Amino acid sequence: MKPEQVRDWVRAARRIVVLSGAGMSAESGVPTFRDAQTGLWARFRPQELATEEGFRAQPQLVWDWYAERRAQIAQVAPNAGHRAIAAFQQRHPGRLAVVTQNVDGLHQRAGSPGVLALHGSIMEDRWLEPPRACCTAEDAVPGRPPRCAACGNLRRPAVVWFGELLPEQALAAAEQAAAACDLMLVVGTSGVVYPAAGLARATRGRVVIVNPQASDLDDAADAVLRGTAASLLPLLLAD
Ligand code: OAD
């Protein structure tokens, strides 16, 4: 399939969903998770770094790992793909919804409104245990991680770890958007993590994959475009 054909689908679509994954930010310099060489899960152990159990076992190590990623992300910028999406949304208010698995906030920084961030945000943190009256973020004792001076409750990154539920409202809104759209652009995701990947299987709209490599969702696609987010999205979303 040629990109020009997909651009025609974009022009004809009344409601579009972009479902993005780590590949969306690769050209901004944020590593993906599953790339065999550069992926985070090729170099680090998700059991240790991306589960509540792992955090409880080694809170300082996990906190520091996220702090380092947070600092890296603060230094990169949205790429031409993020910008093309935000510009399209500006030209066509209400026509395109962004559903992302990314925690880097780059869609938001590019200016996309109402981003549904299914896996939370690495730029924020929250309490590990349900907060008591004594737990206020302002009073947390600086530390790695910071903790409540009174009860010892720990701050943790506000990302969704393996085995955890997705934020209920964002997921419900994403399911609704997926059900209502007539075109879904699935950009830069391996499609192996559910429920996010399930959105591409649930939609009755056309599904287009934008990914330089094969993904687990290719079988659900009406078109597969083998290219990168920053090179293809400006073309697909031009009008
Ligand atoms: P993965 O690392 O699993 O997949 C990244 C995908 O991006 C791969 O299919 C690559 O081929 C593709 N890719 C690489 N460069 C690209 C580019 N420039 N343009 C387009 N695509 C490109 O990342 P996700 O699918 O996002 O979970 O992983 C899903 C979840 O697993 C993540 O949200 C994270 C991880 O554990 C949480 O943080 C909860």
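Leaving aside its neighbours within four places in sequence, which residues is Leu185 in contact with?

Author: This is a predicted model, in which local features need pLDDT of at least 70 and side-chain atom pairs count only at pLDDT 80 or more, while totals for chains, interfaces and linings use all residues. Residues are numbered from 1 along each chain as its sequence is written, and side-chain values use heavy atoms, with hydrogens and water left out.

Once its neighbours within four places in sequence are set aside, Leu185 is in contact (heavy atoms within 4.5 Å) with Val6, Val17, Val18, Leu19, Val208, Leu233 and Leu237. Leu185 also belongs to the largest nonpolar core, a set of 25 residues in which Leu185, Leu233 and Leu237 have the most contacts. Such a core is made of buried Ala, Val, Leu, Ile, Met, Phe, Trp, Tyr and Cys residues joined through side-chain atoms within 4.5 Å, where buried means under 20% relative accessible area, exposed over 50% and partly exposed in between, for a 1.4 Å probe and protein chains only. At least two residues of this core come from each of α1, β1, α6, β2, β6 (183–187), β7 (206–210), β8 (223–225) and α10; these helices (H or I, at least four residues) and strands (E, at least two) are DSSP runs, numbered from the N terminus. The element that gives the most to the core is α10, with 4 residues. Apart from this core lies another, of 21 residues, which includes Ala174, Ala177, Ala196 and Ile209.

The buried residues of α6 are Gly81, His82, Ala84, Ile85, Ala86, Phe88 and Gln89, and what covers them includes α1 (3–12), β1 (16–20), β2 (96–100), α7 (106–110) and α10 (229–236). At its N-terminal end, α6 is capped by Asn79, whose side-chain oxygen lies 2.7 Å from the backbone nitrogen of Gly81.

Beyond this, we can turn to the aromatic rings. A search of the whole structure finds 7 aromatic pairs; rings of Phe, Tyr and Trp (its six-membered ring) pair if their centres lie within 6.5 Å, and planes under 30 degrees apart count as stacked, over 60 as edge-to-face and the rest as tilted. Phe44 and Trp65 form an edge-to-face pair, 5.3 Å centre to centre and with 65° between the planes. Because Phe44 lies in the loop between α2 (40–43) and α3 (46–49) while Trp65 lies in helix α5 (residues 59–74), this pair ties together parts that are 21 residues apart in sequence. Phe44 counts as partly exposed at 28% relative accessibility, whereas Trp65, at 8%, counts as buried. The rings of Phe55 and Trp161 have centres 5.5 Å apart and planes at 40°, so this pair is tilted. It links distant parts of the chain, since Phe55 is in helix α4 (residues 52–57) and Trp161 is in the loop between β5 (155–159) and α8 (168–180), 106 residues apart. Phe55 counts as buried at 0% relative accessibility, and Trp161 counts as buried at 2%. Phe33, Trp41, Phe44, Phe55, Trp65, Tyr66, Trp161 and Phe162 form one aromatic cluster.

The ring of Trp161 also has the charged end of Arg156 sitting over it, 3.9 Å from its centre, a description used if NZ of Lys or CZ of Arg is within 6 Å of the ring centre and within 35 degrees of the ring normal. The charged end of Arg70 sits over the ring of Trp63, 5.7 Å from its centre.

Strand β5 holds Arg155, which is buried, with a relative accessible area of 9%. A polar atom of the Arg155 side chain lies 3.0 Å from the backbone oxygen of Asp125. Neighbours within four places in sequence aside, Arg155 is in contact with Phe55, Trp63, Asp125, Arg126, Trp127, Ala137, Pro145 and Pro146. Of these, Pro145 is in the loop between β4 (120–127) and β5, and the peptide bond from Arg144 to Pro145 is cis, with omega near -5°.

Conventions
A polar contact is a pair of N or O atoms within 3.5 Å; within protein, one must be able to donate a hydrogen and the other to accept it, and residues adjacent in sequence count only if both atoms are side-chain atoms.
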